[in-house]
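Biologist: I would like to learn how to read the features of a protein model one by one. Could we go through the case shown here together?

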Amino acid sequence: MVTFELYRRSTIGTCLTETLDDLVSSGAVSPELAIQVLVQFDKSMTDALETQVKSKVAVKGHLHTYRFCDNVWTFILTDATFKSEEISEALSKVKIVACDSKLLQPQT
């Protein structure tokens with residue numbers, strides 16, 4: 001399975017990385033094991049989002065900046081509103097990073 005390392009920059013990914021850094025620094029785990037944990041995290045996040053998340057969200061806002069580089073779209077929105085069936089949330093600024101899911105599938 002091919003994965004992206006995008007989720008490492010999420011809150012949970014950052015916390016995991018910091019914790020692993022502390023464990024490596026203290027000698028509790030090896031650097032190799034820490035890397036294996038991060039690779040498994042990438043796989044687990046990709047799988048969970050692909051198979052377990054069924055919610056849909058509508059996004060509205062002012063498109064401040066967009067960029068396409070190496071098959072990755074980055075959008076910066078200002079005054080954005082996210083709406084689902086249950087909730088509506090307004091944010092002053094949000095960054096969305098999107099990759100083509102076809103890149104995750106093995107090449108045949």
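Biologist: Which residue in β3 does F75 stand opposite?

Modeller: Before the answer, some care about the source: this is a predicted model, in which local features need pLDDT of at least 70 and side-chain atom pairs count only at pLDDT 80 or more, while totals for chains, interfaces and linings use all residues. Residues are numbered from 1 along each chain as its sequence is written, and side-chain values use heavy atoms, with hydrogens and water left out. In general, strands of a sheet pair through backbone hydrogen bonds, either parallel or antiparallel. Here F75 stands opposite I96 in β3, and the bridge partner of V72 in β3 is C99.

Biologist: How many bridges join strand β2 to β3?

Modeller: Strands are DSSP runs of E with at least two residues, helices are runs of H or I with at least four, and both are numbered from the N terminus; two strands pair if DSSP finds at least two bridges between them. Strand β2 (residues 72–83) is joined to β3 by eleven bridges, and the two run antiparallel. A hairpin of four residues leads from β2 to β3.

Biologist: In what order do the strands of the sheet lie?

Modeller: The open sheet has three strands in the order β1-β2-β3, with antiparallel pairing. Because β1 and β3 (88–99) stand at the edges with a single partner strand each, one side of each is left without a neighbour in the sheet. Neighbouring strands are turned by 15 degrees against each other on average, direction ignored, where the axes are lines fitted to C-alpha atoms, for helices over the stretch in contact, and angles run from 0 to 180 degrees between N-to-C directions.

Biologist: Which residues have a positive phi although they are not glycine?

Modeller: Most residues other than glycine have a negative phi. In this model D70, in the loop between β1 and β2, has a positive phi of about 55 degrees, and D79, placed in strand β2, has a phi near 50 degrees. D70 counts as exposed at 69% relative accessibility, and D79 counts as exposed at 60%; buried means under 20% relative accessible area, exposed over 50%, and partly exposed in between, with a 1.4 Å probe and protein chains only.

Biologist: How many salt bridges does the structure hold?

Modeller: Side chains of opposite charge can pair when their charged atoms come close. A salt bridge is counted when a side-chain nitrogen of Lys or Arg is within 4 Å of a carboxyl oxygen of Asp or Glu, and the structure holds two. The closest N and O atoms are 3.8 Å apart between R8 and E5, and 2.5 Å apart between D42 and R8. Because D42 lies in helix α2 (residues 31–51) and R8 in the segment before α1 (11–26), the latter pair ties together parts that are 34 residues apart in sequence. E5, R8 and D42 are thus linked in a network of salt bridges, and D42 counts as buried at 2% relative accessibility.
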